[in-house]
Amino acid sequence: MCGIVGYIGNQQAAPILLDGLSKLEYRGYDSSGIAVYNGNEIDMVKSKGRLKVLNELTHDGATLPGTLGIGHTRWATHGSPSDINAHPHFNKDKSIVVVHNGIIENYLKLKKKLENHGYEFVSETDTEVIAHLLDYYYHGNPLQAVTKIMHRMEGSYALGIIFQDHPGELYAVRKDSPLIVGHTDGGSILASDVPAVLKYTRDVFFIENEEIVRMREDSMEFFNVDEEPIEKQATRIEWDVNAAEKSGYEHFMLKEMYEQPKAITDTFSPRIKEGKIVIEELGMADEEILKIQKIQIVACGSASHTGYTSKYIFEGLARIPVEVDVASEFRYRDPILDENTLVIVISQSGETADTLAALRESKEKGARVLGIVNVVGSSIAREADNVMYTWAGPEIAVATTKAYSAQLIALYLLAMKFAHVKGMLDEAGLAGMLEDLKAIPAQVEMLLNNKVNIQKFANRYLAARDVFFIGRGIDHAISMEGSLKLKEISYIHSEAYAAGELKHGTISLVEDGTLVASVLTQKDLYKKMISNMEEVRTRGAFVMAVTTEGNTEVERAADYVIYIPETNKYFTNSLAIIPLQLFAYYIAVGRGCDVDKPRNLAKSVTVE
Ligand code: F6R
């Protein structure tokens, strides 16, 4: 999604803005722009395409003098990706300039009002409304103008604003779209995400909803919507700036795949103490766990796939019924929740707008909400009743890998804990499962080291048109993730199907050479899966299989087999996903795709 940066201080602003925007590129964007006050007026440069165009146009910022500026990477929502629609946006006499993340839902109504007052619009964006609205309400007091527009705008926004006649100040405001600010050596900086500021400061202030910041070279003041000053505490960012660099890997995605053993270990090890699972942050006594009648899982994309996996585990181990919904649908079906429902929202970024909306809906309906979140201090982490962090570290590649793996581990821990508290998993059973859990990082590492074979296999399928991923039970959930990984980064159409369902229609798409990736990790379903594989193979499909060591019977129904080590039947997803990630990655690399920043996608989806 869009990225925002802003700077005021004693350094030239443009290079800092461009550097900050480069750290936000991973979020996904289609155009970018910066505006800098040059001591006399505001200069603006913006362009469709990659940030390197902006770097070229400004000679890496050198052609834009001035120490106050704002910048933006845009992911189009209102209006196509173009130079005109790129941010920043000016008011009519170019004395106010704005960058915006989010969506102004009532922008058409506001636009009409402004047009009636003689304002003319040059772009198709909702953001231009903000610049003109500020102009309309501005009578020399920036803070007042900002609070006035906050009362008029509906939707979500994080804004960076410069008023030319207040050249010693930079304004920022937030509602439902992330924003952070911090002091630098000789200045103040703002951004929509931590990586953009890490080079300049580790102490950041997370701006809350409807808070305004007035930044100066040497100070920073916070206000509420009534223009009253408020106090805020800085949060220290502990992770290393190197964590957001490629460290010699060709892509962030590959680096992050290799970080999975660590992400998995870091997520389980602090929660296993003397053979017991201790999840203090769950904030639930055993009596409260015993009262849970239903678990409702809500998430988007890959995070929802971890939810589907965990449904089999919660139900199988702890006998608690689980519903899984994608967040964009959840709140529109008027879900039935009560105080005995535990809602688990899963999100890497902690900022996904649909998931956040689902969280709020659930709280309103009286359910307790547990967030499984990767980004510390994110909106979902702050608003959930309790938060269990996945310790995957910053994930930069748009396609998730290590956060997905860490989410699975957090869910395994919860399911085992609940089953143990309910007396459905005895001490010996728990001990055995914990042994298997602790073996996963080394097993993942071993599977990653098989990358050369998978790369060779992937190279044969660079021209594939359609790929099907099939599996049964928990393997269907793995298939969903394998399919999403492939299509999102390689642009090859693929679908995941419950293996037994394929013959009810979709099998008509299978023809000579169609690749069908089959996942079979569940012993009790091997035979059924092999039948389904034979069904497609006799219709010309090339069948690839991911199965557990020892299941050599599969070789009679498959053309290419990848074996994963034996583990507990509930943990197979953590292993089977590794070859599927590698397969997607090498197909995308072989096809020359922008692996870390696939077209049209955004890392953090902050619009509904
Ligand atoms: C796919 C992917 C997305 C995210 C989804 C939810 O590789 O990364 O499907 O899983 O957009 O994002 P978070 O987890 O940030 O809520």
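**Salt bridges between and within domains**

Modeller: Between domain 1 and domain 2, the count is two salt bridges, where a salt bridge is a side-chain nitrogen of Lys or Arg within 4 Å of a carboxyl oxygen of Asp or Glu. The model is predicted: local features need pLDDT of at least 70 and side-chain atom pairs count only at pLDDT 80 or more, whereas totals for chains, interfaces and linings use all residues. Residues are numbered from 1 along each chain as its sequence is written, and side-chain values use heavy atoms, with hydrogens and water left out.

The protein is divided into domain 1 (3-240), domain 2 (252-447) and domain 3 (450-592), with bounds from an automatic or database domain assignment. The centres of domain 1 and domain 2, taken over C-alpha atoms, are separated by 35 Å. Nine residues of domain 1 are in contact with 10 residues of domain 2, contact meaning heavy atoms within 4.5 Å. About 820 Å² is buried between these two domains, 55% of it on carbon and sulfur atoms; buried area is the accessible area (1.4 Å probe) that two parts lose on being put together, summed over both. R382 and E208 form a salt bridge in which the closest N and O atoms are 3.2 Å apart.

Across the whole structure, a search finds 33 salt bridges. Side chains of opposite charge can pair when their charged atoms come close. D266 and K262 meet at 2.6 Å, N to O. Both lie in helix α7 (residues 260-268), four residues apart, about one turn of the helix; helices (H or I, at least four residues) and strands (E, at least two) are DSSP runs, numbered from the N terminus. D266 is partly exposed at 26% relative accessible area, whereas K262 is exposed at 54%; buried means under 20%, exposed over 50%, and partly exposed in between (1.4 Å probe, protein chains only).

E427 and K276 form another salt bridge, at 3.6 Å, N to O. E427 lies in helix α14 (residues 427-448) and K276 in strand β17 (residues 276-277), so the pair ties together parts that are 151 residues apart in sequence. E427 is partly exposed at 45%, and K276 is partly exposed at 38%.

The side chains of E553 and R556 also form a salt bridge, at 2.9 Å, N to O. E553 has a relative accessible area of 31% and is partly exposed; R556, at 47%, is partly exposed. Finally, E169, R214, R216 and E221 are linked in a network of salt bridges.
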